[in-house]
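Please examine the sequence and the structure shown below before reading the grouped points.

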Amino acid sequence: ETPKTTYERVMLKISGEALMGDQGFGLHPPTVQRIAQEVKSVHDLGVEICMVIGGGNIFRGLSGSAQGMERTTADYMGMLATVMNALAMQSALEEVGVFTRVISAIRMDEVCEPYIRRRAVRHLEKKRVCIFAAGTGNPYFTTDTAATLRANEMACQAIFMGKNGVDGVYDKDPKIHSDAVRYDSVSYDDVLTKRLRVMDASAIALARDNNLPLIVFGLDEPGGFRGILAGEGTYTKVQ
Ligand code: UDP
């Protein structure tokens, strides 16, 4: 039986690290293929899907600048890393028959499309998965902010934050504290004041100011994303 979902258009945000499997670095094609299957199973429900993938599996601006690199240059390298991840996801999705577009905040016309809002909306209406790459195109931001920005621009109903090794937001790190408690629901302001690790503060504020709910869930469980969209499984809603 096909699960029912009330969602028509969503943003899926995953970190770059979600694509590296157990390797500790870079891209692990079987892991990328597994996530592509998760996306396909939601696409099969007729849901319009936007994606933002981080770049931390390849390069992070902050770690580059900590090693003496100029910060904005390091951030551009991080943005380029997200383009590589987006292309890997595009390839895996098209392999399973899902049409996609990679849409970059920084022009690189031979590789992918530039970001033009109306054009991206049209792709979604045609049921193409839009993978937004190169973050916001600006240094000093993160892909969490990019996901929130694009989700607002595309009028997504929610951002689904797919996490590895954790199935929601906890009051303390569940990997360290066995008595950590998962929130079913938590406010944006509590996330900010308690410094709960969901997204960085500017992204949370941008979601809050536009009433864009965040659904934090575990990406490890096969079928998890599809289940969450149909209201099954465990997750935390930030609203
Ligand atoms: N980045 C940036 N501006 C953006 C998005 C990303 O400068 O709008 C850079 C930043 O250096 C960041 C890197 O790209 O460290 C990778 O993105 P992020 O750390 O968000 O990836 P994730 O942690 O989700 O894998």
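Lys13 is located in strand S1, where strands are DSSP runs of E with at least two residues and helices are runs of H or I with at least four, both numbered from the N terminus. The model is a predicted one, in which local features need pLDDT of at least 70, side-chain atom pairs count only at pLDDT 80 or more, and totals for chains, interfaces and linings use all residues. Residue numbers start from 1 along each chain as its sequence is written.

**Record annotations**
- In an unreviewed entry, UniProt lists Lys13 under "binding site", together with Ile14, Ser15, Gly16, Gly56, Arg60, Asn164, Tyr170 and Asp173.
- These positions span 161 residues in sequence and their farthest two C-alpha atoms are 25.1 Å apart, so they do not all gather at one spot.
- The unreviewed UniProt entry also gives "domain: Aspartate/glutamate/uridylate kinase" for residues 9-217.
- Residues 9-217 are 39% helix and 17% strand, and the end C-alpha atoms of the span lie 17 Å apart.
- UniProt positions follow the numbering used here, feature names are shortened, and annotations may be inferred rather than shown by experiment.

- An open sheet of nine strands runs in the order S4-S3-S5-S2-S1-S6-S8-S9-S7, with mixed pairing; two strands pair if DSSP finds at least two bridges between them.
- Strand S4 (113-114) and strand S7 (185-186) stand at the edges with a single partner strand each, so one side of each has no neighbour in the sheet.
- S7 pairs with strand S9 (residues 235-238) in the parallel sense over two bridges, and Ser185 has Lys237 in S9 as its bridge partner.
- Helix H5 (residues 143-153) packs on the sheet and touches strand S1 (9-14), strand S2 (48-53), S5 and strand S6 (159-163); contact requires C-beta atoms, placed from the backbone, within 7 Å.
- The direction of H5 makes about 160 degrees with that of S2, with axes fitted to C-alpha atoms, for helices over the stretch in contact, and angles from 0 to 180 degrees between N-to-C directions.

**Ligand shell**
- Gly54, Gly56, Gly61, Gly78 and Gly135 come nearest among the 23 residues around the ligand, a residue being near if its C-beta atom, placed from the backbone, lies within 6 Å.
- Helix H3 (71-95), H2 and H5 each supply at least two residues of this shell, and H3 gives the largest share, five residues.

**Confidence**
- The chain averages a pLDDT of 96, this being the predictor's confidence in each residue, from 0 to 100.
- The complex receives an ipTM of 0.97 and a pTM of 0.97 from the predictor.

Key: Contact = placed C-beta atoms within 7 Å.
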